[in-house]
Amino acid sequence: MSKIPLAALLPHEITKALNLAQEFRGKQIFKWIQKGTIDWNEMTDLPGSLKPEFASKADPRTSVMESLTGEKDISYKIRIKLFDGLYIESVLLVDDQERKTACLSSQVGCSMGCVFCKTGTMGCIRNLGAHEIVEQFHILVSRFGEISHIVFMGMGEPLLNLDEVRKAIAVFHHPLGKNISLRKMTISTCGIIRGIKDLALHGPHPRLAVSLITADEETRKRLMPCSAANSLEELKGALSLYQKETKKWITLEIVLLKGVTDREEDIRKLINFIPPLRASVNIIPWNPAPGLPFKRPESLRIQWFRSRLTEAGLVVTQRYQKGNSIDAACGQLFVTE
Ligand code: SF4
């Protein structure tokens, strides 16, 4: 990359990077970039004499949208080409109140190797820079209009690229930019204990969702090799710390795999695992992905699982299966050259 990528720089960082004599110019450029402007000529409050120099030094956007697939007014998946020729995918979800959520990737691929996840079969090719995370959002906004919510749940494990995710959150949250509240941003992790503790102690504090998958330790280790090094007890300790520091509820994501995580013992162990955490359970019936040896439970079994948790007094939600038909649902993102 020969030019300075600008999408994830804060106003004072732009001032410094472009060696600007006047600090307010950094704010002006930041506002334009966060509006999604990529043409220096459209930045009308900048002096024309400076624009050629800016254009030669810095790049408002380094990635481009290559293709788009979608289910009208429900979900859309975009394929993005990065500056080095690699590809990632991002998703826009629209709920029944027409609220839009951007599902952003944090890595090209993922090293965690969860055996039920298509992205996990790619391995991790590289971390995304903060600007590449922010640019996904800008590309989605340019195509679909303003977006109110963000979830770091696309390709990759965000807590293994925490520094860059932090920078992206700071940009999304900035009052001169999109000014998105931390309550409207969610980091979804497979349970990286070091990262959860780091986030708890040093912030920022968006909502936290954890792919617990099951509270049966042996099954979890089999499904999520990355969890082998961390016991459920250690994970619970990290979540307690996050809750103590943030006072926020945590979401535990349970992926229902027929005969694997939808058993009586999964329910019993989950009910035992949660207290005294204040956590809601998000049930995600598995999204079929070609080549993976699992099945989604029948709807009656899903209802049974859900009602057993509700009867035990847990707060339970079930994710509507958005994006299935375009392979944009959780665990289905996958790119090849
Ligand atoms: S489920 Fe998440 S952490 Fe696990 S392999 Fe897939 S993308 Fe990575």
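Colleague: How many residues surround the ligand, and which are the closest?
Modeller: The model is predicted, so local features need pLDDT of at least 70 and side-chain atom pairs count only at pLDDT 80 or more, while totals for chains, interfaces and linings use all residues. Residues are numbered from 1 along each chain as its sequence is written. A residue counts as near a molecule or strand if its C-beta atom, placed from the backbone, lies within 6 Å of it. The ligand is surrounded by 12 residues, and the closest are Cys 110, Met 112, Cys 114, Cys 117 and Gly 120.

Colleague: How many residues of the shell around the ligand are nonpolar, polar and charged?
Modeller: Ala, Val, Leu, Ile, Met, Phe, Trp, Tyr, Cys and Pro count as nonpolar, Asp, Glu, Lys and Arg as charged, and the others, Gly among them, as polar. The shell around the ligand then divides into 5 nonpolar, 6 polar and 1 charged.

Colleague: Why does the radius of gyration of the chain agree with that of a compact globule?
Modeller: The radius of gyration is taken over C-alpha atoms, and the globule rule is 2.2 Å times the number of residues to the power 0.38. For 337 residues, a compact globule would have a value near 20 Å, so the chain agrees with it at 21 Å.

Colleague: What percentage of the residues of the chain count as buried?
Modeller: A residue is buried if 20 or more other C-beta atoms lie within 10 Å of its own, exposed if 12 or fewer, and partly exposed in between, with C-beta atoms placed from the backbone. Of the 337 residues of the chain, the share that counts as buried is 42%.

Colleague: How many helices and strands does the chain have?
Modeller: Helices (H or I, at least four residues) and strands (E, at least two) are DSSP runs, numbered from the N terminus. By this rule the chain has 10 helices and 14 strands.

Colleague: Which strand pairs with β6, and in which sense?
Modeller: Two strands pair if DSSP finds at least two bridges between them. Strand β6 (residues 100–103) has 3 bridges to strand β9 (residues 149–152), and one partner pair is Thr 101 with His 149 in β9. The partner of β6 is therefore β9, and the sense is parallel.

Colleague: Which helix forms a β-α-β unit with β9 and β10?
Modeller: Strands β9 and β10 (residues 185–189) run parallel and are joined by 3 bridges; Val 151 has Thr 186 in β10 as a bridge partner. A crossover is right-handed if, with the strands pointing away from the viewer, the path from the first strand over the helix to the second runs clockwise. The unit of β9 and β10 is right-handed, and its helix is α5 (residues 162–173).

Colleague: Which strands does β12 run parallel to?
Modeller: Strand β12 (residues 250–256) is mostly covered, with 5 of its 7 residues buried. By 4 bridges and 7 bridges respectively, β12 runs parallel to strand β11 (residues 207–211) and strand β13 (residues 279–285).

Colleague: Which helix makes a β-α-β unit with β12 and β13?
Modeller: This unit is right-handed. Between β12 and β13 its path includes helix α9 (residues 264–273).

Colleague: Is the peptide bond from Gly 203 to Pro 204 cis or trans?
Modeller: Most residues other than glycine have a negative phi, and most peptide bonds are trans. Pro 204 lies in the loop between α6 (193–202) and β11. With omega near -5°, the bond from Gly 203 to Pro 204 is cis.

Colleague: Which residues is Ser 63 in contact with, leaving aside its neighbours within four places in sequence?
Modeller: Ser 63 is found in the loop between β2 (58–59) and β3 (64–71), and is buried, with 23 other C-beta atoms within 10 Å. Two residues are in contact if their C-beta atoms, placed from the backbone, lie within 7 Å. With those neighbours left aside, the contacts of Ser 63 are Ile 80, Lys 81, Leu 82, Phe 83, Glu 132 and Glu 135.
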